[in-house]
There are 4 protein chains.
Amino acid sequence: MSISIRARSIPLYINLLLNEARVVCISNKKVVLAYSGGLDTSVILKWLIDKGFEAVAYIADLGQQEDFKAAKEKALKIGASKVYVEDLKKEFITNYVFTALKANAVYEGKYLLGTSLARPLIAKKQVEIAKKEKTTFVSHGATGKGNDQVRFELAYLTLLPDATIIAPWKDKEFLAAFKGRKDMIAFCGQNGIPVKATQAKPYSSDANLMHISYEAGVLEDPSFEPKEEMFEMTASPEQAPDKATELSIKFEKGIPVTLIDKTNKLSYTDPQKLFTYLNTIAGKNGIGRVDLVENRFVGMKSRGVYETPAGTVLMQAHLDIEGLTMDREVKQIRDSLIPKFASLIYNGFWYSPEFELLKLVMDKAQENVTGTVNLKLYKGNVIITGRSSPVSLYHEKVASMDVLGGYDQTDAVGFIKLNALRLKSWAKQKGKFS
Amino acid sequence: MSISIRARSIPLYINLLLNEARVVCISNKKVVLAYSGGLDTSVILKWLIDKGFEAVAYIADLGQQEDFKAAKEKALKIGASKVYVEDLKKEFITNYVFTALKANAVYEGKYLLGTSLARPLIAKKQVEIAKKEKTTFVSHGATGKGNDQVRFELAYLTLLPDATIIAPWKDKEFLAAFKGRKDMIAFCGQNGIPVKATQAKPYSSDANLMHISYEAGVLEDPSFEPKEEMFEMTASPEQAPDKATELSIKFEKGIPVTLIDKTNKLSYTDPQKLFTYLNTIAGKNGIGRVDLVENRFVGMKSRGVYETPAGTVLMQAHLDIEGLTMDREVKQIRDSLIPKFASLIYNGFWYSPEFELLKLVMDKAQENVTGTVNLKLYKGNVIITGRSSPVSLYHEKVASMDVLGGYDQTDAVGFIKLNALRLKSWAKQKGKFS
Amino acid sequence: MSISIRARSIPLYINLLLNEARVVCISNKKVVLAYSGGLDTSVILKWLIDKGFEAVAYIADLGQQEDFKAAKEKALKIGASKVYVEDLKKEFITNYVFTALKANAVYEGKYLLGTSLARPLIAKKQVEIAKKEKTTFVSHGATGKGNDQVRFELAYLTLLPDATIIAPWKDKEFLAAFKGRKDMIAFCGQNGIPVKATQAKPYSSDANLMHISYEAGVLEDPSFEPKEEMFEMTASPEQAPDKATELSIKFEKGIPVTLIDKTNKLSYTDPQKLFTYLNTIAGKNGIGRVDLVENRFVGMKSRGVYETPAGTVLMQAHLDIEGLTMDREVKQIRDSLIPKFASLIYNGFWYSPEFELLKLVMDKAQENVTGTVNLKLYKGNVIITGRSSPVSLYHEKVASMDVLGGYDQTDAVGFIKLNALRLKSWAKQKGKFS
Amino acid sequence: MSISIRARSIPLYINLLLNEARVVCISNKKVVLAYSGGLDTSVILKWLIDKGFEAVAYIADLGQQEDFKAAKEKALKIGASKVYVEDLKKEFITNYVFTALKANAVYEGKYLLGTSLARPLIAKKQVEIAKKEKTTFVSHGATGKGNDQVRFELAYLTLLPDATIIAPWKDKEFLAAFKGRKDMIAFCGQNGIPVKATQAKPYSSDANLMHISYEAGVLEDPSFEPKEEMFEMTASPEQAPDKATELSIKFEKGIPVTLIDKTNKLSYTDPQKLFTYLNTIAGKNGIGRVDLVENRFVGMKSRGVYETPAGTVLMQAHLDIEGLTMDREVKQIRDSLIPKFASLIYNGFWYSPEFELLKLVMDKAQENVTGTVNLKLYKGNVIITGRSSPVSLYHEKVASMDVLGGYDQTDAVGFIKLNALRLKSWAKQKGKFS
């Protein structure tokens, strides 16, 4: 026996099958596509329409430099039945970026998670649109090798357990048709899709209010030093001003609530404005570049370069005010959970019971983290110059030693002796040091 | 009934009692004192002799700026029966500093543990001298409020479980006699002990090859910004050269084995020379200052300022080469143990079964951490510019994707779906997102 | 110069000095003593009065077998100015015992923390009484070698930071006066304090609603097998009934809310009655004995034997219902925190910021732990026979595989391949297995 | 355009494609199949031969009740080109079972990992055979929903990174052909493969020297109580002897080295004989049954019932001797890593860098775990009656208190006060308890 199937439909069929194992006919289905206005998602938008989908384009504004109006028009021109442009900036800063910063969440010691934090929010809004549009089909343009596919899809499947996901970069037919940028440009030519005349950059990047990430292309060689012209949010330390900018940042329960630029006599309290200004001033002072080889959830290592100006300053300032206001043992427990917390964000488990659990820990640990940090920004440096707090646990500030009922130096004798007891027993037993 | 005792002998008696509960007569006992040549330990040395001890002075050379010959002469002049001057620099760098750096050991996110690392080595050598001198009496000049007393005494009691510790700053008579610097200077005058004419600094400091720490005095106000003249090992970023210094550092199993200064065309492989030169060049470039409020083991918060130029560079470089060469899950486990590892060092548990256990973890995790990091030092910044390794786990370097048996992008479909399975179950159950 | 002091007053003076360094005159002070009615605290009560204190006796009823009326009369007879008898049973079960059980808190793998849980509650009420009586002096009869002194005193000092603690078993005069039981009996004879005619047991014990602990005396030899007659709450498995008792226990958010004894046709929902009945029926069935060598906070090892009948059954049942209702990753994180949580209870840190933090984790992790466990008690065994839950995360109970959107076995291919990716890279690099 | 392919070859082709993406022609390839002699792997063996493979059958003897000679003959009759029967019992006990037991490795608080431990060893030997047979094709009969597929395949891909895995239960054609036991029996009938006349059991089971596991079928209802006749290795507590069996077990560095049955006057030192006898005597005494709902790595919950007689006794005894000989802080760190260690075994990461790391921790922690435990087995109970050790850290055994340089009860005063310092600061700040 032999079977005959139209070659073109096989890959999508298989892809859908792998996702849900029950979609047979896709005609007349509506799909919500996370659309950026760029080459890849423009090709995907057209491809989805060619497959018979009614395609709704969804553009998330997270503060990236983009002409959203032009992007919307482009989507409509390609054939989108509707376009949503959603301003997610405020929610991004307050519910995602600050959640990470107040936990001191850093992935593998260096990456401040700028892209990882954006993905679950983009997906959440996409699911809301899908529900509004009464469909369970969602699509994205992330590749099959990266982290973003996982972040999008885990979010979709948790927030919309019945979701059917169309991920063209994991579809064999799509992959066969588009082997590179050239194929996509040709496809655009054939389909009247405008392509920016600009030269392709020799790397790929992702931008939002928190950061810009750079990876792939020339950066794939981990010994290659990025060119200065690549960076968009930060001056190099060399090009930064010769004079420091003096700031003070006030935190309440771990959240920055006031930023004062003493040098320029400016003050901000609105979270989005505060963060945006801090990006500007920190970027100008050359702060926030990071270059590392990191471990992706899908199992491979990857080289990434990041610019996170405001995030870097806030992280340093926040860590400092914790010193004054956080109990030692709370800090010890909290610190031991940061690697896990950061991994969950990086790996796409923002909407998960374990993340809910750890988020609660992080919030509770910030209960007393209130106070003001003074610092200077200077050519790449965040220099802490002092801190104060109305709820300090530093005894000089509580009032004086008397508040604590006094400290008798001879107490240390018993303290040390009892701490030494098991060590002496161990040393005797092992005959280690005798 | 009334008792009569010579007032002068009570406090020491009580102190010894608290320590060992069996010393009755101290006449003719020999004690080994960790002696610095400074005011405090000079007073203590004389005080011990006055108490009837034969006092052996022990001076540890850990690379601090000190005229060891003059210190030795001073001790003999005061009445020490013998003086040991021990050069511990090499052992300090290779067995203590590198042990911490290869574990990325940072206390409370900022402090590189320069003093904490020196104390157990000083104590180890002191115990060796005590054994040689056939005594179990050891003495130190650390205060009763700080961390160092704990580090010294836990080490003494582990390495020499029969040790009798004389800690004058926890002795009530001593405390009563010496209420401040003035009393000590007067005592020196009465006893012909030379006192340096220099003005007392408005803070206390501790120096060794790894760092200088500053605390107390004016620094007790956590909002006070230290004066520029305080710093001894580092230029300020502002005063650092306008041109970057380019280095490359080669690590083998987590240990720096070669430092090349490309700018100045210099190269070092000897650990002590490598570290010393890196201190110079990093210090010159304004690298390694840290200011924090930290939590002492004895229960209080304390403000510390540190300069750790070479340590800061090595820490950054080491973290970077780990990215290329360390397995993701090994890193995750290792990272979760760093806070504990750093606390054990900070709290004085260098010689303990739990530290031995974690040291083994840290060593094992470095098994594959071999490779070279390129970086620039510039006005306070350690800027990583690239890295390479003969044992990289980054697939581009292993050879190519084929080495890994290929990566099929459609694999990610199943990967994500099975990761989502329990999330979907949870989401359905909670009705959270429906 | 010689000093003269009345010998009798020295030790207390020193003891107080060590505690607060400022009490000079103790005349006319009121002290609240945790009083049990037994030999030790009766001696202490009289001794405090002899020292000039007005002594308020406080008897905590935690369910131990005791004639509280007789104890009260005895305290008054000895000279207490007032006696409080506080029924803490309900609060003990609901706020202390259940808090531990729902966290599966077990110290060092075996000890269910019966005494550790009682101490902070006893101390809390004692502080309340001290406040009511307008004094800051509190006293207890725990020894200077054990855990209970720490539990009492950390609680006092946290709940009443100005507390002055009188701990006679750490007072040198008291210790000198009372070297053993014989001295105390003689003292009682001299002071007209009634002493029970009963023979002293060759071990010491502590009882409350949750458990009885046995330690010291003959048990100090860790190879000594306790005699059968020692046990008070449990039959031996050998003497237990030949027929099993069938129970079902319903949990809501980790707390037992209904106990049904199917064999005896009984049902309980009141926490205290439920727990008390479960003690009876589990004890009868020989359940809950534990014998271990444990590590005290003060640095020594100690041998303890415990009977915890109801606690043992609830722990097993609770662990079982978690299997059906708790997410895997939540469980993994929670499990890794249990040793710390149990240590905090054991070490006396019930009232601490870190315990507050972990308690929150434990509560959150129980959010979905609701359901019913069927089990049999038989000669020392708790045999789980089945479980069910309205909020099960076990897919058969959610409804069927379809609820989860299906499970395609081929998904496992990609799942395994991506999990293997870094392992292959590692294996290739190490040449380990080739 | 349409494509025509022989339907029969598609699924295998796709399956292989999913695995390695490069196999086109499978003719004349040799494959090593993990063969049990049962229905499933007999069908798979024939199916592989029908697909054109030269099939080598590999039978692993891990102590399960099986007629290995008959199984070998059956494989040859079906058409295997060669049959390997490998006795892995000794290696299983010493390198796998003991590795888990000395780490107290228990998955989710209850499962002793009997099957999880066998899989990596079976796979290791299978890879050795594949190398000997100069092929990279390996096959197994584990299903696509379970844990065993992961354990087998992660081991294959790590030990033989070029492995091509044939997993028929994830092959769509195979799944279509064999929808149940009936299809397989019919296939056997058509192909002359002998099928045992015995009735299929209403659950599936897996047996080895360590345990028998039961799952699926009637057990899928988590409230269903297993029938007594299901159990093969253990008597029920009810049917166990009325008289206890007294044992003593001697451990060296965490490994059982001598078992003495005092009741029956027997003694064993050979690991395999010791373990086998302990299985017999513990099983007879009704010890080692466990019933739980567990979390599979592939994302679903599953109900499992286990019998692990010897493992249960050794685990209890080992935990006990640790109490006497393991340092408190080592235990605390070690305990916090057990959930991760057990998960790695359960999830199939036996051959991984992170498991190597944790195995080292577990070994190091056992350094001093040497001593003898006395215990009684009685109707399901493992009753510890005493323990002793030549390297005890319990001070009574080291010699006496004097060995430790004495314990002065007043030391506890300072110890507690310094531990309370930060709590007082916190309490004051929060105004919590005032």
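## Domains of chain A

In this predicted model, the centres of domain 1 and domain 2 of chain A, taken over C-alpha atoms, are separated by 30 Å. Domain 1 of chain A comprises 11-100 + 114-200, and domain 2 comprises 205-326 + 368-388; these bounds come from an automatic or database domain assignment. Residues are numbered from 1 along each chain as its sequence is written, while chains are lettered from A and ligands numbered from 1 in the order in which they are written. Because the model is predicted, local features need pLDDT of at least 70 and side-chain atom pairs count only at pLDDT 80 or more, whereas totals for chains, interfaces and linings use all residues; side-chain values use heavy atoms, with hydrogens and water left out.

## Contact between the two domains

The size of an interface is often given as the accessible area lost when the parts come together. Between domain 1 and domain 2 of chain A, the buried area is about 1,700 Å², with carbon and sulfur atoms giving 66%; buried area is the accessible area (1.4 Å probe) that two parts lose on being put together, summed over both. Within domain 1 of chain A, the residues that lose the most area to domain 2 are I93(A), F98(A) and N147(A), which together account for 30% of what that side buries. In terms of contact (heavy atoms within 4.5 Å), 20 residues from domain 1 of chain A and 19 residues from domain 2 of chain A take part.

Two salt bridges are counted between these domains, a salt bridge being a side-chain nitrogen of Lys or Arg within 4 Å of a carboxyl oxygen of Asp or Glu. R119(A) and D206(A) form a salt bridge through their side chains, at 3.3 Å from N to O. On the domain 1 side, helices α4 (89-102), α5 (114-132) and α6 (148-159) of chain A each supply at least two residues that touch domain 2; helices are DSSP runs (H or I, at least four residues), numbered from the N terminus. The largest share of that side, seven residues, comes from α4(A).

## Relation of chain A to chain C

Chain A is superposed on chain C by a rotation of 180° with 0.0 Å of shift along its axis, at an RMSD of 0.0 Å. That is the relation of a two-fold axis. The superposition is by least squares on the C-alpha atoms of residues with pLDDT of at least 70 in both copies. V361(A) is the residue of chain A that comes closest to the rotation axis, with its C-alpha at 3.3 Å.

## Interface of chain A and chain C

In this interface, 30 residues of chain A are in contact with 30 residues of chain C. About 2,600 Å² is buried between the two chains, and carbon and sulfur atoms give 67% of this area. I333(A), L357(A) and K364(A) supply 21% of the area that chain A buries against chain C, more than any other three residues. Of the interface residues of chain A, 100% are also interface residues in chain C, so the copies meet through the same surface.

Four salt bridges are counted between chain A and chain C. The side of chain A that touches chain C draws at least two residues from each of α1 (9-20), α11 (328-347), α12 (353-365) and α14 (411-430) of chain A. With nine residues, α12(A) gives the most to that side.
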